[in-house]
Amino acid sequence: MWPYTNHAEEEYNKAIEFVQNYAQSLGAKYICSKLQKFTTISGDKDPVSETLEMKIFKFKDEYFWLENHFQPDRPFIVFSFGDSVDTIFEDAEPFPYNLSEEELKAEVRYSLGIEKYPKI
């Protein structure tokens, strides 16, 4: 169940697809899909439980998928990594879905370790 009234699920899904496609353009390979159950709790929102078909990719020697991360004000995207298809659980930094295309591309490069996060 989509927990937002002021953010369209369709736009979020388009951002996920954009990020996946960009990761593939950088060398990530689609491996398979699997069903995974998630429960997200963030801030004062009620828990959101969902079973999703996760697309699993491999980049260099790591496997990853993109997870939903529901913050109180908007949904975020997060890369989760593992050493195998069955051990994907290590998260990178979440980032908002509604960044510009160039900002989304930068987040992909940071998450995949192609570039380092800029120092603030």
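Which side chain meets that of Lys14 in a salt bridge of 3.6 Å, N to O? The partner is Glu11, the two side chains meeting in a salt bridge (a side-chain nitrogen of Lys or Arg within 4 Å of a carboxyl oxygen of Asp or Glu). The model examined here is predicted, so that local features need pLDDT of at least 70 and side-chain atom pairs count only at pLDDT 80 or more, while totals for chains, interfaces and linings use all residues. Residues are numbered from 1 along each chain as its sequence is written, and side-chain values use heavy atoms, with hydrogens and water left out.

By the rule stated above, the count comes to 6 salt bridges. Side chains of opposite charge can pair when their charged atoms come close. Lys14 and Glu11 are 3 residues apart in helix H1, and are therefore separated by about one helical turn; helices (H or I, at least four residues) and strands (E, at least two) are DSSP runs, numbered from the N terminus. A salt bridge of 3.6 Å, N to O, is also formed between the side chains of Glu10 and Lys14, which both lie in helix H1, 4 residues apart, about one turn of the helix. An α-helix has 3.6 residues a turn, so residues three or four places apart point the same way. With buried meaning under 20% relative accessible area, exposed over 50% and partly exposed in between (1.4 Å probe, protein chains only), Glu10 is exposed at 53%, whereas Lys14 is partly exposed at 44% and Glu11 is partly exposed at 41%. Another salt bridge joins the side chains of Arg74 and Asp73 (3.7 Å, N to O); Arg74 is partly exposed, with a relative accessible area of 25%, and Asp73 is partly exposed, with a relative accessible area of 47%.

Glu107 is buried yet has no salt bridge, the nearest side chain of opposite charge, that of Arg109, being 9.5 Å away; in assigning charge, Lys and Arg count as positive and Asp and Glu as negative, while His and the chain ends are not counted. When its neighbours within four places in sequence are left aside, Glu107 is in contact (heavy atoms within 4.5 Å) with Phe95, Leu99 and Tyr117. The buried residues of H2 are Leu104, Ala106, Glu107, Val108, Arg109, Tyr110 and Ser111, and their cover includes H1, strand S4 (75-82) and strand S6 (95-96). Ser111, which is found in helix H2, is buried at 9% relative accessibility, and, residues up to four places away in sequence not being counted, Ser111 touches Phe79, Phe81, Ala92, Phe95 and Tyr117. Following H2 is Gly113, whose phi is positive, near 80 degrees.

A positive phi, of about 55 degrees, is also found at Lys60, although Lys60 is not a glycine. Lys60 is found in the loop between S2 and S3 and counts as exposed, at 65% relative accessibility. By contrast, Ala28, in the loop between H1 and strand S1 (29-40), counts as buried at 3% relative accessibility. Residues up to four places away in sequence again being set aside, Ala28 touches Ala23, Phe57, Lys58, Phe59 and Phe64.

Open space was examined last. Rolling a probe the size of a water molecule over the atoms shows where empty space is left. On a 1 Å grid over the protein atoms alone, a pocket is an open set of points where a 1.4 Å probe fits, with protein on both sides within 12 Å along at least five of seven lines, and lining residues have an atom within 4 Å of a point. The largest pocket has a volume of about 320 Å³. Of the 16 residues that line the largest pocket, Tyr12, Asn13, Ile16, Leu52 and Asn68 are the closest to its centre, and the elements giving two or more residues to this lining are helix H1 (9-25), strand S2 (48-59) and strand S3 (62-70). The lining divides into 9 nonpolar, 3 polar and 4 charged residues, where Ala, Val, Leu, Ile, Met, Phe, Trp, Tyr, Cys and Pro count as nonpolar, Asp, Glu, Lys and Arg as charged, and the others, Gly among them, as polar.

Technical notes:
Grid points are joined across faces, edges and corners, and a volume is the space filled by probe spheres set on the points.
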